Amino acid sequence: MRLLVVEDENLLAQQIKEQLQQQQFSVDVATDGDDGWFKLSEYPYDLAIIDIGLPKMDGLSLIRKARQKALKTPIIVLTARGSWQEKVEGLDAGADDYLTKPFHTEELLARCNALIRRAAGQPEPTLSAGPIALNSRTQQVWVREDEISLTAYEYKVLEYFMLNPNKVISKTELTEHIYDQDFDLDSNVIEVFVLRLRKKLDPAGDIKPIETLRGRGYRFTMIVA
(Lines give C-alpha, C1' and ligand atoms only; values in the text may rest on other atoms or scores of the structure.)
Protein backbone atom coordinates (compact mmCIF):
# COMPACT_ATOMS: atom_id res chain seq x y z
CA MET A 1 0.00 0.00 0.00
CA ARG A 2 1.18 3.53 -0.78
CA LEU A 3 0.94 6.20 1.92
CA LEU A 4 1.48 9.95 2.12
CA VAL A 5 2.90 11.59 5.26
CA VAL A 6 2.40 15.38 5.50
CA GLU A 7 4.51 16.57 8.43
CA ASP A 8 6.73 19.66 8.70
CA GLU A 9 8.97 18.27 11.47
CA ASN A 10 11.60 16.61 9.29
CA LEU A 11 12.88 14.23 11.95
CA LEU A 12 9.39 13.01 12.85
CA ALA A 13 8.43 12.71 9.17
CA GLN A 14 11.47 10.55 8.46
CA GLN A 15 10.86 8.43 11.55
CA ILE A 16 7.28 7.77 10.48
CA LYS A 17 8.43 6.99 6.94
CA GLU A 18 11.05 4.51 8.11
CA GLN A 19 8.66 2.82 10.52
CA LEU A 20 6.03 2.41 7.83
CA GLN A 21 8.55 1.19 5.26
CA GLN A 22 9.65 -1.51 7.71
CA GLN A 23 6.06 -2.78 7.50
CA GLN A 24 6.24 -2.93 3.67
CA PHE A 25 4.36 0.33 3.01
CA SER A 26 5.56 2.60 0.22
CA VAL A 27 5.76 6.12 1.65
CA ASP A 28 6.01 9.63 0.21
CA VAL A 29 6.61 12.69 2.42
CA ALA A 30 5.48 16.30 2.08
CA THR A 31 6.72 18.95 4.51
CA ASP A 32 4.10 21.67 3.91
CA GLY A 33 0.43 21.88 3.04
CA ASP A 34 0.93 23.02 -0.55
CA ASP A 35 3.22 20.10 -1.39
CA GLY A 36 0.86 17.81 0.49
CA TRP A 37 -2.06 18.95 -1.65
CA PHE A 38 -0.05 18.53 -4.86
CA LYS A 39 0.92 14.96 -4.00
CA LEU A 40 -2.50 14.03 -2.64
CA SER A 41 -4.24 15.31 -5.76
CA GLU A 42 -1.76 13.84 -8.24
CA TYR A 43 -0.98 10.37 -6.88
CA PRO A 44 -3.26 7.45 -5.89
CA TYR A 45 -2.59 7.03 -2.18
CA ASP A 46 -4.21 4.32 -0.08
CA LEU A 47 -3.99 6.52 3.02
CA ALA A 48 -2.68 9.93 4.14
CA ILE A 49 -1.31 10.96 7.54
CA ILE A 50 -1.63 14.73 7.94
CA ASP A 51 -0.37 16.99 10.74
CA ILE A 52 -2.58 19.96 11.63
CA GLY A 53 0.17 22.55 12.14
CA LEU A 54 1.60 22.83 8.63
CA PRO A 55 3.19 25.83 6.86
CA LYS A 56 1.71 27.33 3.66
CA MET A 57 -1.59 25.45 4.08
CA ASP A 58 -2.61 24.10 7.47
CA GLY A 59 -3.71 20.50 7.86
CA LEU A 60 -7.38 21.28 8.38
CA SER A 61 -7.51 23.35 5.19
CA LEU A 62 -5.73 20.58 3.32
CA ILE A 63 -8.24 17.98 4.51
CA ARG A 64 -11.22 20.22 3.68
CA LYS A 65 -9.82 20.88 0.21
CA ALA A 66 -9.32 17.15 -0.40
CA ARG A 67 -12.91 16.39 0.60
CA GLN A 68 -14.30 19.32 -1.41
CA LYS A 69 -12.52 17.85 -4.45
CA ALA A 70 -14.17 14.49 -3.67
CA LEU A 71 -10.91 12.72 -2.85
CA LYS A 72 -11.84 9.61 -0.86
CA THR A 73 -8.35 8.78 0.42
CA PRO A 74 -8.58 7.69 4.08
CA ILE A 75 -6.96 10.32 6.32
CA ILE A 76 -5.43 10.12 9.80
CA VAL A 77 -4.92 13.56 11.34
CA LEU A 78 -2.09 14.16 13.83
CA THR A 79 -3.09 16.37 16.77
CA ALA A 80 -1.44 17.86 19.85
CA ARG A 81 -1.63 16.02 23.15
CA GLY A 82 -4.77 16.86 25.13
CA SER A 83 -6.29 19.08 22.45
CA TRP A 84 -9.78 17.65 22.03
CA GLN A 85 -10.70 20.68 19.91
CA GLU A 86 -8.14 19.70 17.27
CA LYS A 87 -9.49 16.14 17.23
CA VAL A 88 -13.04 17.38 16.69
CA GLU A 89 -11.98 19.92 14.06
CA GLY A 90 -9.97 17.27 12.21
CA LEU A 91 -12.86 14.83 12.09
CA ASP A 92 -15.29 17.59 11.12
CA ALA A 93 -12.95 18.62 8.29
CA GLY A 94 -13.16 15.13 6.82
CA ALA A 95 -10.47 13.06 8.56
CA ASP A 96 -11.35 9.42 9.24
CA ASP A 97 -9.30 9.00 12.40
CA TYR A 98 -6.86 10.89 14.61
CA LEU A 99 -3.68 10.17 16.50
CA THR A 100 -2.28 12.25 19.35
CA LYS A 101 1.42 13.16 19.39
CA PRO A 102 3.57 11.57 20.69
CA PHE A 103 2.30 8.15 19.67
CA HIS A 104 3.46 4.54 19.62
CA THR A 105 4.43 3.04 16.29
CA GLU A 106 2.22 0.01 16.92
CA GLU A 107 -0.86 2.21 17.30
CA LEU A 108 -0.08 4.12 14.09
CA LEU A 109 0.34 0.86 12.16
CA ALA A 110 -2.86 -0.60 13.60
CA ARG A 111 -4.86 2.49 12.65
CA CYS A 112 -3.36 2.58 9.15
CA ASN A 113 -4.16 -1.08 8.51
CA ALA A 114 -7.67 -0.75 9.93
CA LEU A 115 -8.51 2.27 7.75
CA ILE A 116 -7.10 0.68 4.59
CA ARG A 117 -9.10 -2.51 5.20
CA ARG A 118 -12.24 -0.53 5.99
CA ALA A 119 -11.87 1.52 2.79
CA ALA A 120 -11.63 -1.73 0.83
CA GLY A 121 -14.69 -3.16 2.58
CA GLN A 122 -12.58 -5.73 4.46
CA PRO A 123 -12.79 -4.93 8.20
CA GLU A 124 -11.01 -8.10 9.36
CA PRO A 125 -7.20 -8.45 9.19
CA THR A 126 -7.43 -11.88 7.52
CA LEU A 127 -8.56 -12.02 3.89
CA SER A 128 -9.62 -15.36 2.46
CA ALA A 129 -10.11 -16.26 -1.19
CA GLY A 130 -10.69 -19.92 -1.94
CA PRO A 131 -7.64 -21.78 -0.58
CA ILE A 132 -5.64 -18.54 -0.17
CA ALA A 133 -5.53 -16.61 3.12
CA LEU A 134 -3.61 -13.42 3.94
CA ASN A 135 -3.23 -11.77 7.34
CA SER A 136 -2.44 -8.07 6.90
CA ARG A 137 -1.45 -7.71 10.56
CA THR A 138 1.22 -10.42 10.56
CA GLN A 139 1.83 -10.35 6.78
CA GLN A 140 1.56 -14.13 6.57
CA VAL A 141 0.08 -15.97 3.58
CA TRP A 142 -1.28 -19.50 3.44
CA VAL A 143 -2.43 -21.73 0.60
CA ARG A 144 -4.52 -24.70 1.72
CA GLU A 145 -3.28 -24.12 5.30
CA ASP A 146 0.38 -24.30 4.24
CA GLU A 147 2.24 -21.07 4.88
CA ILE A 148 4.18 -19.78 1.88
CA SER A 149 7.11 -17.38 1.81
CA LEU A 150 6.78 -14.18 -0.25
CA THR A 151 9.22 -11.34 -0.83
CA ALA A 152 8.17 -7.89 0.32
CA TYR A 153 7.00 -6.83 -3.13
CA GLU A 154 5.29 -10.13 -3.90
CA TYR A 155 3.32 -9.63 -0.69
CA LYS A 156 2.43 -6.05 -1.65
CA VAL A 157 1.11 -7.17 -5.05
CA LEU A 158 -0.95 -10.00 -3.55
CA GLU A 159 -2.38 -7.77 -0.82
CA TYR A 160 -3.44 -5.17 -3.40
CA PHE A 161 -5.05 -7.88 -5.53
CA MET A 162 -6.94 -9.31 -2.56
CA LEU A 163 -8.14 -5.87 -1.45
CA ASN A 164 -9.46 -5.29 -4.99
CA PRO A 165 -10.95 -8.63 -6.09
CA ASN A 166 -12.40 -8.90 -9.62
CA LYS A 167 -11.14 -5.40 -10.48
CA VAL A 168 -9.09 -4.92 -13.65
CA ILE A 169 -5.75 -3.55 -12.40
CA SER A 170 -3.18 -2.17 -14.83
CA LYS A 171 0.57 -2.53 -14.38
CA THR A 172 0.76 1.23 -13.90
CA GLU A 173 -1.82 1.15 -11.11
CA LEU A 174 0.04 -1.66 -9.35
CA THR A 175 3.34 0.18 -9.68
CA GLU A 176 1.86 3.41 -8.29
CA HIS A 177 0.49 1.62 -5.23
CA ILE A 178 3.53 -0.45 -4.26
CA TYR A 179 6.40 1.94 -5.05
CA ASP A 180 7.39 5.44 -3.99
CA GLN A 181 6.70 8.29 -6.42
CA ASP A 182 10.12 8.33 -8.11
CA PHE A 183 9.94 4.74 -9.42
CA ASP A 184 10.12 4.17 -13.19
CA LEU A 185 6.53 3.42 -14.20
CA ASP A 186 7.70 1.80 -17.44
CA SER A 187 9.46 -1.00 -15.59
CA ASN A 188 8.37 -4.57 -16.43
CA VAL A 189 9.18 -5.77 -12.91
CA ILE A 190 5.45 -6.14 -12.14
CA GLU A 191 5.28 -8.98 -14.67
CA VAL A 192 8.04 -10.76 -12.75
CA PHE A 193 6.22 -10.38 -9.42
CA VAL A 194 2.97 -11.71 -10.90
CA LEU A 195 4.78 -14.67 -12.47
CA ARG A 196 6.40 -15.53 -9.12
CA LEU A 197 3.08 -15.18 -7.31
CA ARG A 198 1.40 -17.58 -9.71
CA LYS A 199 4.13 -20.17 -9.14
CA LYS A 200 3.95 -19.85 -5.35
CA LEU A 201 0.17 -19.64 -5.00
CA ASP A 202 -0.72 -22.17 -7.67
CA PRO A 203 2.20 -24.52 -8.39
CA ALA A 204 -0.13 -27.19 -9.77
CA GLY A 205 -2.01 -24.70 -11.94
CA ASP A 206 -5.42 -25.78 -10.69
CA ILE A 207 -6.81 -22.64 -9.01
CA LYS A 208 -5.60 -19.89 -11.40
CA PRO A 209 -6.15 -16.92 -9.03
CA ILE A 210 -4.65 -14.22 -11.28
CA GLU A 211 -6.00 -13.60 -14.76
CA THR A 212 -3.99 -11.70 -17.38
CA LEU A 213 -6.02 -9.34 -19.59
CA ARG A 214 -3.98 -8.52 -22.66
CA GLY A 215 -3.37 -4.79 -22.99
CA ARG A 216 -5.28 -4.01 -19.77
CA GLY A 217 -3.51 -5.68 -16.85
CA TYR A 218 -4.57 -8.28 -14.33
CA ARG A 219 -7.58 -9.41 -12.34
CA PHE A 220 -7.67 -11.39 -9.09
CA THR A 221 -10.58 -13.66 -9.91
CA MET A 222 -11.20 -15.43 -6.61
CA ILE A 223 -13.96 -14.23 -4.30
CA VAL A 224 -12.55 -12.66 -1.13
CA ALA A 225 -14.39 -13.35 2.12
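Reader: Hi! Which helix does Glu 176 lie in?
Author: Welcome! Glu 176 lies in helix α7. Keep in mind as we go that this is a predicted model.

Reader: Thanks. Is Glu 176 buried, partly exposed or exposed?
Author: Glu 176 has a relative accessible area of 22%, so it counts as partly exposed; the cut-off for buried is under 20%.

Reader: And how far is Glu 176 from Met 1?
Author: Their C-alpha atoms are separated by 9.2 Å, although the two residues are 175 apart along the chain.

Reader: Which residues of α7 are buried, then?
Author: In helix α7, which covers residues 171-178, the buried ones are Glu 173, Leu 174, Thr 175, His 177 and Ile 178.

Reader: You mentioned α6. How many of its residues are buried?
Author: Ten of the twelve, so α6 is largely enclosed by the rest of the structure. Among them are Tyr 155, Leu 158, Phe 161 and Leu 163.

Reader: Let's talk about the core. Which residues touch the most other members of the largest one?
Author: That nonpolar core has 50 residues, and the ones touching the most other members are Ile 16, Leu 20, Ile 49, Leu 158, Phe 161 and Phe 220. Helix α6 (residues 152-163) gives the most to this core, with seven residues. There is also a second, separate core of 19 residues, which includes Ala 30, Trp 37, Ala 48 and Ala 66.

Reader: Phe 220 is on that list. What does it touch?
Author: Leaving out residues up to four places away in sequence, Phe 220 touches several residues, including Ala 129, Leu 158, Phe 161, Met 162 and Pro 209.

Reader: New topic: how many aromatic pairs are there?
Author: A search of the whole structure finds five. One of them joins Phe 38 and Tyr 43, whose ring centres are 6.5 Å apart with planes at 85°, so this pair is edge-to-face. Ring pairs also link Phe 38, Tyr 43 and Tyr 45 into a cluster.

Reader: How about the rings of Phe 161 and Tyr 218?
Author: Their centres are 6.3 Å apart and their planes are at 75°, so that pair is edge-to-face. Phe 161 is in helix α6 and Tyr 218 in strand β11, so the pair ties together parts that are 57 residues apart in sequence. Both Phe 161 and Tyr 218 are buried.

Reader: What does UniProt list for Asp 51?
Author: An unreviewed UniProt entry lists Asp 51 as "modified residue: 4-aspartylphosphate". In the model, Asp 51 sits in strand β3 (residues 47-51) and is buried, with a relative accessible area of 5%.

Reader: Which residues does Asp 51 touch?
Author: Not counting residues up to four places away in sequence, Asp 51 touches Val 6, Glu 7, Asp 8, Gly 59, Leu 78 and Lys 101.

Reader: Last one: what is Thr 212 in contact with?
Author: Setting aside neighbours within four places in sequence, Thr 212 is in contact with Arg 198, Gly 217 and Tyr 218. A polar contact of 2.5 Å joins the side chains of Thr 212 and Arg 198. Thr 212 itself is found in strand β10 (residues 210-213).

Conventions:
Residues numbered from 1 in each chain as written. Predicted model: local features only at pLDDT ≥ 70, side-chain atom pairs only at ≥ 80, totals over all residues. Heavy atoms only, no water. Core = buried A, V, L, I, M, F, W, Y, C linked by side-chain atoms within 4.5 Å. Buried < 20%, exposed > 50% of the residue type's maximum accessible area, 1.4 Å probe, protein only. Helix = DSSP H or I, 4+ residues; strand = E, 2+ residues; numbered from the N terminus. Contact = heavy atoms within 4.5 Å. Polar contact = N/O pair within 3.5 Å; in protein donor to acceptor, adjacent residues only side chain to side chain. UniProt positions renumbered as here; feature names shortened; annotations may be inferred. Phe/Tyr/Trp six-rings, centres within 6.5 Å; stacked < 30°, edge-to-face > 60°.
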